[in-house]
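Thanks for coming. I will take a few minutes to go through one structure; please look at the sequence and the model as I talk.

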Amino acid sequence: MFPLLDQSPAAPLSESRPPLHFYGICREVKPSLEYSETKRLILRRPTQDLYKTLFRWLKDPELTKYVGGVREDDKIQLTFDHVMKSWNTAGVGKCLVIEKDTLALVGLVGIFPLDLAGTKVNDLGYLIDSPFSGKGYATEASEEIVRKGFLDHGMDQISAWPDPKNASSVRVVEKLGFQFVKELNGAYMGMSFSGMHLYKLSRSHWQTTVASHQG
Ligand SMILES: CC(C)(COP(=O)(O)OP(=O)(O)OC[C@H]1O[C@@H](n2cnc3c(N)ncnc32)[C@H](O)[C@@H]1OP(=O)(O)O)[C@@H](O)C(=O)NCCC(=O)NCCS
């Protein structure tokens, strides 16, 4: 079984209105800065329940191969705290990615404001659990996150910095219209990195190219 955040029965999703009491939200869930839907996915602000799934993901050698490797417990706690804190301090952050059909938690995609080698960036990050990769979920979720970043949060620019060896991750940013800027070396959350590729997408480029094609 794939992990669900809440064992209480979820009402069926309707086209017009997401369910009441969905994942512990005791009010009607409306599209907001913290909740949105795509064709196949629900994207929403995480709750404390994320911790145990994040712990499993960050202990998985395959999933973490290009993103710093398997984490020690204290680093997982640090990452979790950062994910939760960014919503309070910046009003944005990583979203749970939930498959509508199964209500399985399939990953984490979102924008994380961070200081990258001395520059403040709106960093797009994504992780899709192995059983769900190759279905276009990272792209589908990121398209919505990027759209909200530009239109709802007023961002001028969004960045991503995949490892160039991580071919599927590079492919995702390219599909989203990001453009390569430069190679990046430095440290992040106590982990050093080198040879990453910094990509950027400006709102003006997104509006004239990507958004116009998405209709
Ligand atoms: C990278 C990751 C997010 C991709 O998620 P996903 O849901 O499988 O991605 P999508 O299905 O939306 O898109 C993947 C694209 O890469 C392509 N791809 C997959 N493997 C590839 C490879 N070895 N070489 C080239 N392209 C590849 C797919 O064909 C697809 O492109 P297409 O739509 O043009 O066919 C996921 O594998 C993951 O979470 N990995 C671990 C964490 C990680 O590395 N995160 C990235 C941080 S920068």
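There are 5 helices and 8 strands in this protein. What you see is a predicted model. Going along the sequence, the order of elements is β-β-α-α-β-β-β-α-β-α-β-β-α. The protein has 215 residues, and 46% of them are buried.

Where does the ligand sit? It sits in the largest pocket.

In total, 20 residues surround the ligand. The closest are I128, G134, T139, N166 and K175. Sorted by class, the shell holds 10 nonpolar residues, 7 polar ones and 3 charged ones.

Next, some contacts with the backbone. I128, one of the closest residues, has a polar backbone atom 2.6 Å from an oxygen atom of the ligand. Y126 has a polar backbone atom too, and it lies 2.9 Å from a nitrogen atom of the ligand. At A138, a backbone N or O atom is 3.0 Å from an oxygen atom of the ligand. How much of the ligand does the protein cover? On its own, the ligand has 970 Å² of accessible area, and the protein covers 67% of that.

P162 itself is in the loop between β6, residues 157–160, and α4. Is P162 buried or exposed? Its relative accessibility is 7%, so it counts as buried; the cut-off for that is under 20%.

You will find L103 in the loop that runs between β3, residues 94–99, and β4, residues 105–116. What is the phi of L103? It is positive, about 60 degrees, although L103 is not a glycine. L103 has a relative accessible area of 15%, and therefore it is buried.

Key
Residues are numbered from 1 along each chain as its sequence is written. This is a predicted model: local features need pLDDT of at least 70, side-chain atom pairs count only at pLDDT 80 or more; totals for chains, interfaces and linings use all residues. Side-chain values use heavy atoms; hydrogens and water are left out. Helices (H or I, at least four residues) and strands (E, at least two) are DSSP runs, numbered from the N terminus. Buried means under 20% relative accessible area, exposed over 50%, partly exposed in between (1.4 Å probe, protein chains only). A residue is near a molecule or strand if one of its heavy atoms lies within 4 Å of it. A polar contact is a pair of N or O atoms within 3.5 Å; within protein, one must be able to donate a hydrogen and the other to accept it, and residues adjacent in sequence count only if both atoms are side-chain atoms. Accessible areas come from the Shrake-Rupley method with a 1.4 Å probe; for residues, only the protein chains shown count as cover. On a 1 Å grid over the protein atoms alone, a cavity is a set of points where a 1.4 Å probe fits but cannot get out, and a pocket is an open set with protein on both sides within 12 Å along at least five of seven lines; lining residues have an atom within 4 Å of a point. A molecule sits in a cavity or pocket if more than half of its atoms lie within 2 Å of its grid points. Ala, Val, Leu, Ile, Met, Phe, Trp, Tyr, Cys and Pro count as nonpolar, Asp, Glu, Lys and Arg as charged, and the others, Gly among them, as polar.
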